[in-house]
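Subject: Structure handover

Hello,

Here is the structure you will be working with. Please open it first, then read my notes below.

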Amino acid sequence: MARFAHTVTVAALDRGWFEEAAGALVDLLDASREGPGGSVVLTDGRPVEGLRLLKGRHLRPGARYGEVPAAPEGAGEVPVEHAGAGAGDSPGAPQAVVLRTWRPSHSVEVESLVEEDGMSLKMGLRLSEPRRPRAVELSLSGQKPGGGSLYRFSGRGKADLAAWWAAADRLPSAPPAARAPVSGRAVHRLAKARLTLTPRPAENGSWRITVVLSVRGRWLLRPVGAVVLFFARGPVERGLREAAETAAEEWNTALAELTPLHGEALRAEIADALVNPDGSTAL
């Protein structure tokens, strides 16, 4: 097994603000309704940009959302019931998001079906206690039709947000949390991989996040995998370091642009971002 690790420093996110923003977003969507042509409309009558009901009842299990593709010139508008009938029905077909569970006080679960570059991808996302998020679970599986086992993979990940806040609130001098709050596993016929993220507070109030990637071959291919990893160790280490540093830069940039609004001002800003994501100011 090969193990790679890198630590980055990022700006800390205020837990109270995060939970308030998450609650405001969930409440806005929970109060929305279906509008003309399958649009999703907020209580003030404005439609949510890029979100349209394609099948089923709004906010009910089985509801399918997506974007209606533009109709060919002279062909008229594409009927909602046919648009986005399934991701991957044709090249360039829109992504379809299927709502599996909508219980804002307990959990929200969605499933995304996508076909990209000849690969069929199925992604699942589950959010526990959405108004004050406690955990996020992600699943991913993919295959290339007719491609055999070498073109199949799967993965699962979980972010225990309660454990994250607890780890981030420890004293800087305290040892890191024994269990990583964020972890993920990926499985392929040739190898398994595990990724973890563990935060700890820095002296200046920021977070130091340690990213650890472990990779091992499977079955009879373990010796082959060991040889490959021996020669690929340098590129893998550089790739992990560059990916972590880039993610940290993007995180810091995003947090620097956040306006610490609260109450009705925060709710109004989130609503503006939903209806006009390109023109809205940062939260």
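Start with confidence, given as pLDDT (the predictor's confidence in each residue, from 0 to 100). In the protein chain it is highest in strand β2 (residues 33–34), at 97, and lowest in helix α3 (residues 222–257), at a mean of 81. Over residues 81–94 the pLDDT is below 50. That stretch still has 20 contacts in the model beyond near neighbours in sequence; a contact means heavy atoms within 4.5 Å. Where pLDDT is low, the predicted coordinates should not be read in detail. For the protein chain, the mean is 85, and 83% of residues reach 70 or more.

Two notes on the source. This is a predicted model: local features need pLDDT of at least 70, side-chain atom pairs count only at pLDDT 80 or more, and totals for chains, interfaces and linings use all residues. Residues are numbered from 1 along each chain as its sequence is written, and side-chain values use heavy atoms, leaving out hydrogens and water.

Next, the fold. The protein chain has four helices and 13 strands. These are DSSP runs, numbered from the N terminus (helices: H or I, at least four residues; strands: E, at least two). Among contacts between residues at least 6 apart in sequence, 51% join residues at least 24 apart.

Last, burial. Of the 283 residues of the protein chain, 33% count as buried. Buried means under 20% relative accessible area, exposed over 50%, and partly exposed in between (1.4 Å probe, protein chains only). L190 lies in the loop between β11 (182–188) and β12 (191–201). L190 counts as partly exposed because its relative accessibility is 39%.

Best wishes
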